[in-house]
Amino acid sequence: MWSYQHQRFTVHQLAALADNYIYLIDTGAALACVDPAEAAPVISACAELARPLTHILNTHHHWDHTGGNLELKTRFGCTIVGAAHDAARIPGIDKKISEGDDLQLDKQHVSVLDIPGHTSGHIAFVLAGEKNNALFCGDTLFGAGCGRLFEGTPEQMWQSLEKLIRLDTENKTDTDFYCAHEYTLSNLEFCLKKVSKHTPVNEYYAWSLTRRNKQLPTIPGTLKREIQCNPMLLPAQADFCKTYAAEHTIADDAVSVFTHIREARNHW
Ligand code: ZN
Ligand code: FE
């Protein structure tokens, strides 16, 4: 278990399954679990913290994000919060929410964003911290990558990614992102081979390699670094789009460039 202080709350990170991360948001009175892939690591963590689980927050319906829902609800009687749009596919859901809805964990306010693309009902949770905000983005944004488009169009996913970029560009406070899988290193290998070799990407790769060799997570990362390095976010930069589009003889708008990079990643 790794822990990160945001002053008003603490985030605990648990490794699960092959490459999943489960998070516990600890506000003092509330202890909320984001995307319990399985129940066992959450039960152990609650025992270690000597605290009951009060909430489950699901970003989307996939089994590797909701697998622990029912067992944890039976054990702790916790409240399960998930996307209204996907309520029928979220086991044990109690509270159905969408963007703009108010969600409180004890005294901590949680904002909800609709970010469809990976699945049609994917949502994100944002908590304002004192130094850094925390974004829980499930399988939408990864370290140096983004989720596959199982139920959405490239346009939808691009709009969702732009929404996450704006969390950084329109806020004074930096945002740390907590995604649900450890894919950073292979995403950066793809980026270096197929998309961009610029210095920040090389630095990100070297740092990630050192972390992984020590069996440490590369997550959480910062939105700032993703905006600079993530091949799925680079299409937000017009200069990058021009160069990339010319190299691949495609249209140079952000959606066309994003679609091309996402396709290349699928077949890599
Ligand atoms: Zn998923
Ligand atoms: Fe997943």
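# The iron site and P235

Visitor: Which residues coordinate the iron ion (ligand 2)?
Guide: This is a predicted model, in which local features need pLDDT of at least 70, side-chain atom pairs pLDDT 80 or more, and totals for chains, interfaces and linings use all residues; side-chain values use heavy atoms, without hydrogens and water. Residues are numbered from 1 along each chain as its sequence is written, with chains lettered from A and ligands numbered from 1 in the order written. Donors are N, O and S atoms within 2.8 Å of the metal (3.2 Å for Na, K and Ca), and sites may look incomplete because water is absent. At 2.1 to 2.3 Å, the iron ion (ligand 2) is coordinated by D64 (OD), H65 (NE2), D139 (OD) and H181 (NE2).

Visitor: Which residue coordinates both the iron ion (ligand 2) and the zinc ion (ligand 1)?
Guide: The two ions are 3.2 Å apart. Along the chain, the donors of the iron ion (ligand 2) follow the spacing D-H-x73-D-x41-H. The residue that coordinates both ions is D139.

Visitor: Are D139 and H181 buried or exposed?
Guide: Buried means under 20% relative accessible area, exposed over 50%, partly exposed in between (1.4 Å probe, protein chains only). Both D139 and H181 fall in one class, which is buried.

Visitor: Why does P235 count as buried?
Guide: P235 also has contacts (heavy atoms within 4.5 Å) beyond its neighbours within four places in sequence, including W158, F240 and I261. I261 is 26 residues away from P235 in sequence, with 9.1 Å between their C-alpha atoms. P235 counts as buried because its relative accessibility is 2%.
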